[in-house]
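Visitor: I would like to look at the charged pairs and the surface of this protein. Please show me the model.

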Amino acid sequence: RLLTQLFPEAQFIYIHRHPYEVFQSAAHMADTTYWYTYLNTPTNQQIQEFILRQYEILWDRYQEGKSQLQLQQQLVEVS
């Protein structure tokens, strides 16, 4: 909303990635980067649930934002 208020004529680009590739990338990042932030080491299942939940949250926020665009010409989706 803020961006559309600041830039009412703006176009937004959404780049699609295959969900499996996104999951693999997030799992790799969790394995190589997140480990030093844990107080307790999570199980693989907890990490997978976290990744999938984050994906759901981001997808829902994208859908909300997409529905708020006044004109579909403001959105360019690329696969």
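Visitor: Is R53 buried or exposed, or does R53 count as partly exposed?
Guide: This is a predicted model, in which local features need pLDDT of at least 70, side-chain atom pairs count only at pLDDT 80 or more, and totals for chains, interfaces and linings use all residues. Residues are numbered from 1 along each chain as its sequence is written, and side-chain values use heavy atoms, with hydrogens and water left out. Buried means under 20% relative accessible area, exposed means over 50%, and partly exposed lies in between (1.4 Å probe, protein chains only). R53 has 44% relative accessibility, so R53 counts as partly exposed.

Visitor: Which residue forms a salt bridge with R53?
Guide: A salt bridge needs a side-chain nitrogen of Lys or Arg within 4 Å of a carboxyl oxygen of Asp or Glu. For R53, the closest N and O atoms of the pair are 3.1 Å apart.

Visitor: How many salt bridges does the structure hold?
Guide: Another joins R61 and E64, at 3.8 Å from N to O. E77 and K66 also meet in one, at 3.4 Å. The number of salt bridges in the structure is 3.

Visitor: How far apart are R61 and E64 in helix α3?
Guide: R61 has a relative accessible area of 58%, so R61 is exposed, whereas E64, with 42%, is partly exposed. They are separated by about one helical turn because their spacing in helix α3 is 3 residues.

Visitor: Which residues make the nonpolar surface patch?
Guide: Patch residues have over 30% relative accessible area and no salt bridge; like charges are joined within 9 Å, and nonpolar side chains (Val, Leu, Ile, Met, Phe, Trp, Tyr) within 5 Å. Accessible areas come from the Shrake-Rupley method with a 1.4 Å probe, and for residues only the protein chains shown count as cover. F7, in the loop between α1 (2-6) and β1 (12-15), has 49% relative accessibility and so counts as partly exposed. The patch covers about 430 Å², and its residues are L2, L3, L6 and F7.

Key:
Helix = DSSP H or I, 4+ residues; strand = E, 2+ residues; numbered from the N terminus.
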